[in-house]
Amino acid sequence: MHVHAWFGTTVDLRLFPAVAERTGSGMPAGFTAFICMRTHRFRCVVGWENQDVTDRPVIGIYGAGKVGTALARLLVASGHRVLIAGSPRQTALDLVVGVVAPGAEVTSPDDLAETADVIIVAVPFGKAGTVPWHAFDDRIVVDAMNYWPPVDGNIAEIDDDPRTTSEVNAARNPRARVVKSLNHLGYHEMEDDSMAAGSPLRRALAVVGDDADARAVVAEIIDELGFDPVDGGELRHGVALEPGHPAFGRELSAGELAALLTPAVHLAA
């Protein structure tokens, strides 16, 4: 069996016995996996080559930094069409994305908002006000941002607001179907911790939002990315996922994470 390295080369799986042991010998031909050529570490086994993506939601990622490009790699590998838009000040974005997230399509923020079914916002929280929320009517919007005062500076209106940061963002466009998720693990962990469904050590990620159907869509995507989704209910329950709170940055099973969210229903198939 062969797997793809980050930069498009092919690696014989037999050269990585730990990967072969982890994935098993019964995987069908065409299964896609990734090896980081810098560390020679197995990154993810989540998708299929040459699969039909027409029956899957188109994913738009607003933000082409480390979080956005890590998610783009995983989503492309899991069989989604992925659009990515960055800051107008980012130069040579086509070249950058072509190298670090091959298969993702660079587009404009307007085209991303018009085309994507699910939009992941992955920019520094201090730039949340520059996101075109007005264009996200009726779209499922995943808020993957965190408010970090050491990075963003102290924002008085956030410090003095009793709402969660995602509730603040949701208020920017009440017609957007905002879901909080993908914020409570590091960008490097997104690939390192991705595991096939049923793996006993599979990490759980929470999904919170006021739209139950939107939560279900995002939960399915989380499962495809290689994590057990846990439905945490209303958007206000996302406080548990924010920095300094119980679930942030912790490697938890679905049961452990569910215990930190009220209410919580495990959505993994």
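Which residue takes a positive phi just after H2, and about how many degrees is it?

Author: That's Gly-79, with a positive phi of about 100 degrees, just after H2. Quick housekeeping: this is a predicted model, where local features need pLDDT of at least 70, side-chain atom pairs need 80 or more, and totals for chains, interfaces and linings use all residues. Numbering starts from 1 along each chain as its sequence is written, and side-chain values use heavy atoms, with hydrogens and water left out.

Let's start with the helix itself. H2 covers 66–77. Helices here are DSSP runs of H or I with at least four residues, strands are runs of E with at least two, and both are numbered from the N terminus. At 1.5 Å a residue, the twelve residues of H2 should span 16 Å, and the end C-alpha atoms are 17 Å apart, which agrees. (That expected span is 1.5 Å times one less than the number of residues.)

H2 is mostly covered, with nine of its twelve residues buried. Buried means under 20% relative accessible area, exposed means over 50%, and partly exposed is in between, using a 1.4 Å probe and protein chains only. The buried set in H2 is Gly-68, Thr-69, Ala-70, Leu-71, Ala-72, Arg-73, Leu-74, Leu-75 and Ala-77. An α-helix has 3.6 residues a turn, so residues three or four places apart point the same way.

Now step off the end of the helix. Ser-78 sits in the loop between H2 and strand E6 (82–85), and at 2% relative accessibility it counts as buried. What lies across from it in space? Ser-78 and Leu-225 are 6.6 Å apart, C-alpha to C-alpha, although 147 residues separate them in sequence. For the chain as a whole, 63% of the contacts between residues at least 6 apart in sequence join residues at least 24 apart. (Contact means heavy atoms within 4.5 Å.)

The pocket holds about 690 Å³ of space and has 32 lining residues, with Gly-65, Ala-122, Val-123, Pro-124 and Phe-125 nearest its centre. On a 1 Å grid over protein atoms alone, a pocket is an open set of points with protein on both sides within 12 Å along at least five of seven lines, a cavity is a set where a 1.4 Å probe fits but cannot get out, and lining residues have an atom within 4 Å of a point. By class, the pocket lining divides into 17 nonpolar, eleven polar and four charged residues.

The structure has three aromatic pairs, and one of them joins Phe-125 to Tyr-147: it is tilted, at 5.5 Å centre to centre and 45 degrees between the planes. Phe-125 is in the loop between strand E8 (118–121) and strand E9 (140–143), while Tyr-147 is in the loop between E9 and H5, so the pair ties together parts that are 22 residues apart in sequence. Rings of Phe, Tyr and Trp (its six-membered ring) pair if their centres lie within 6.5 Å; planes under 30 degrees apart are stacked, over 60 edge-to-face, and the rest tilted. Phe-125 is buried at 4% relative accessibility, and Tyr-147 is buried at 12%. In another pair, the rings of Trp-133 and Phe-136 have centres 6.0 Å apart and planes at 70 degrees, so this one is edge-to-face. Trp-133 and Phe-136 are both buried.

The lining residues are Ile-59, Val-118, Ile-120, Val-142, Leu-182, Val-218 and Ile-221, which makes seven nonpolar, no polar and no charged residues.

To zoom out, the chain has ten helices and 13 strands, and 51% of its 269 residues count as buried.

Conventions: Grid points are joined across faces, edges and corners, and a volume is the space filled by probe spheres set on the points. Ala, Val, Leu, Ile, Met, Phe, Trp, Tyr, Cys and Pro count as nonpolar, Asp, Glu, Lys and Arg as charged, and the others, Gly among them, as polar.
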